[in-house]
Amino acid sequence: MARIKKRLYKKQGKIDITFLILIFVILSFGLIMLFSSSYAYAYYYFNDSFHFIKKQAVFAIAGVSAMILISYINYNYIKKYVFLIFGIALSCLVIVLFMPPLNGARRWINIPGGFTFQPSEIMKFAIIVLFSYLIYKNYNKMGTFLYGVVPFMFFLGVVAFLMLLQPHLSGTVLIGSIGMLMMFVGGTKYRYFIIAILIGVLGIILIVSIRGIDYVSDRLAGWIDPFSDPTDSTFQTVQSLLAIGSGGVMGLGLGNSRQKYLYLPEPQNDFIFSIVVEELGFIGATVVIALFGLFIYRGFVIASKSRDKFAMMLAVGLTAQIGIQVMLNIGVVTNTIPNTGISLPFFSYGGTALMMQLAQMGVILNISRHCIYEKE
């Protein structure tokens with residue numbers, strides 16, 4: 001046991017304090033806004049204003065504990081179990097297809113005790129780990145089609161196919177975006193991304209064939225003119241825009257949102273940012289964006305100082321996941337892009353997502369320990 005402990009915790013330096021502080025500031029901000037946005041909905045449907053915040057707080061505590069623990073465990077151990085991690089995540093994507101549907105989709109796996117988890121959250125981490133390993137092993141060959149494109153497109157294709165069967169378009173877009181960014185940073189030639197774009201077009205055609213042309217055209221029409229059907233298909237988007245518009249520069253004040261009183265559907269989930277803007281205004285929205293901007297910058301700084309290619313790509317992928325998810329969520333909430341159901345990291349309600357995000361931050365913190373150690 002002593003030998004195992006020594007191997008797990010050897011060569012430890014100091015974690016990146018700036019990054020750690022940013023995590024806690026964003027998490028605290030997110031929990032405050034989750035309670036503010038959810039208490040009316042929770043009281044009406046569950047007769048308990050604290051229904052959502054109590055559960056999220058438990059997951060936050062568990063997630064922070066996991067983050068701290070993982071920050072001490074040498075990240076190189078992930079390298080040894082890359083394909084096991086990916087295999088487990090892939091198996092979960094298959095298992096979820098046999099789960100009872102919820103709102104017409106199969107995205108959650110039920111486990112004893114009344115708990116559920118979303119396999120796509122595990123797959124985000126698994127694809128980042130897998131791509132980091134492939135780039136690490138073939139870094140000098142990433143400029144070739146055989147090593148820089150084929151394996152990545154194969155694994156992305158398998159994951160996208162399984163996720164579209166759920167169907168989970170937003171998760172597919174997010175994982176695909178993370179994968180493409182990692183390929184770009186890893187050294188894949190620019191011209192090969194043209195092939196990726198063509199594959200993306202084929203994917204869109206596949207989505208249209210699965211969901212039907214009417215479904216896709218209705219979604220696009222609702223995005224172009226959200227007020228075309230404000231009482232039905234675009235109701236949530238319209239209520240979100242009304243919340244953002246009423247916030248103005250300074251906002252209505254913390255806790256004073258009007259749209260969360262059963263106007264905006266499930267305000268504690270994907271559209272929580274609109275409540276942030278309504279209550280804290282343009283200033284509050286700017287603060288949130290700035291915090292995530294600093295977070296992403298610091299994550300990339302840690303990646304740039306990493307001791308090897310695997311650690312660098314791992315830090316890039318995990319940081320990019322948060323950054324891309326933030327951009328997509330804000331884009332949806334402001335109707336800049338079509339509604340795809342992307343949650344806001346550390347803010348939106350969801351135990352699986354929050355725990356995975358915090359655990360992944362532990363990996364980045366562990367990488368920062370080794371970066372600083374090597375520098376010293």
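Good morning. The model before you is predicted, and I shall begin with the chain as a whole. The protein chain contains 15 helices and 2 strands. Of its 376 residues, 48% count as buried. Among contacts with a separation of 6 or more, 76% are made by residues 24 or more positions apart. The accessible surface comes to about 17,900 Å², and carbon and sulfur atoms contribute 69% of that area.

Let me turn to the packing of two helices. Such a pair is described by the angle between the axes and the distance between them. Helix 6, residues 119-137, packs against helix 14, residues 309-333, at an angle of about 145°. Their axes are 8 Å apart, and the crossing is right-handed. On the helix 6 side, the residues that meet helix 14 are K124, F125, I128, V129, S132, Y133, I135 and Y136. On the helix 14 side, they are K309, F310, M313, L314, G317, L318, Q321 and Q325. Sorted by class, this contact holds 10 nonpolar, 4 polar and 2 charged residues.

The peptide bond from Q166 to P167 is cis, with omega near -5°. By way of background, most peptide bonds are trans, and most residues other than glycine have a negative phi. Within helix 9, residues 169-186, we find G176. With a relative accessible area of 21%, G176 is partly exposed, because the buried class requires a value under 20%. The C-alpha atom of G176 is 7.8 Å from that of A160, although the two residues are 16 apart along the chain.

Two residues in loops deserve a remark on backbone geometry. N47 is not a glycine, yet its phi is positive, at about 55°. N47 lies in the loop between helix 2, residues 17-46, and helix 3, residues 51-70. Is N47 buried or exposed? It is exposed, at 60% relative accessible area. The second case is E266, with a positive phi near 45°. E266 is placed in the loop between helix 12 and helix 13, and its relative accessible area of 37% makes it partly exposed.

The loop that holds E266 also contains N269, between helix 12, residues 235-247, and helix 13, residues 272-304. N269 has 18% relative accessibility and therefore counts as buried. Which residues does N269 touch, leaving aside those up to four places away in sequence? They are S348 and Y349.

Finally, K305 occupies the loop between helix 13 and helix 14. At 45% relative accessibility, K305 counts as partly exposed. K305 and H370 are separated by 65 residues in sequence, while their C-alpha atoms are 9.3 Å apart in space.

Thank you for your attention.

Conventions:
Residues are numbered from 1 along each chain as its sequence is written. This is a predicted model: local features need pLDDT of at least 70, side-chain atom pairs count only at pLDDT 80 or more; totals for chains, interfaces and linings use all residues. Side-chain values use heavy atoms; hydrogens and water are left out. Helices (H or I, at least four residues) and strands (E, at least two) are DSSP runs, numbered from the N terminus. Buried means under 20% relative accessible area, exposed over 50%, partly exposed in between (1.4 Å probe, protein chains only). Contact means heavy atoms within 4.5 Å. Accessible areas come from the Shrake-Rupley method with a 1.4 Å probe; for residues, only the protein chains shown count as cover. Axes are lines fitted to C-alpha atoms, for helices over the stretch in contact, and angles run from 0 to 180 degrees between N-to-C directions. A crossing is left-handed if the near helix is turned anticlockwise from the far one by less than a right angle, and right-handed if clockwise. Ala, Val, Leu, Ile, Met, Phe, Trp, Tyr, Cys and Pro count as nonpolar, Asp, Glu, Lys and Arg as charged, and the others, Gly among them, as polar.
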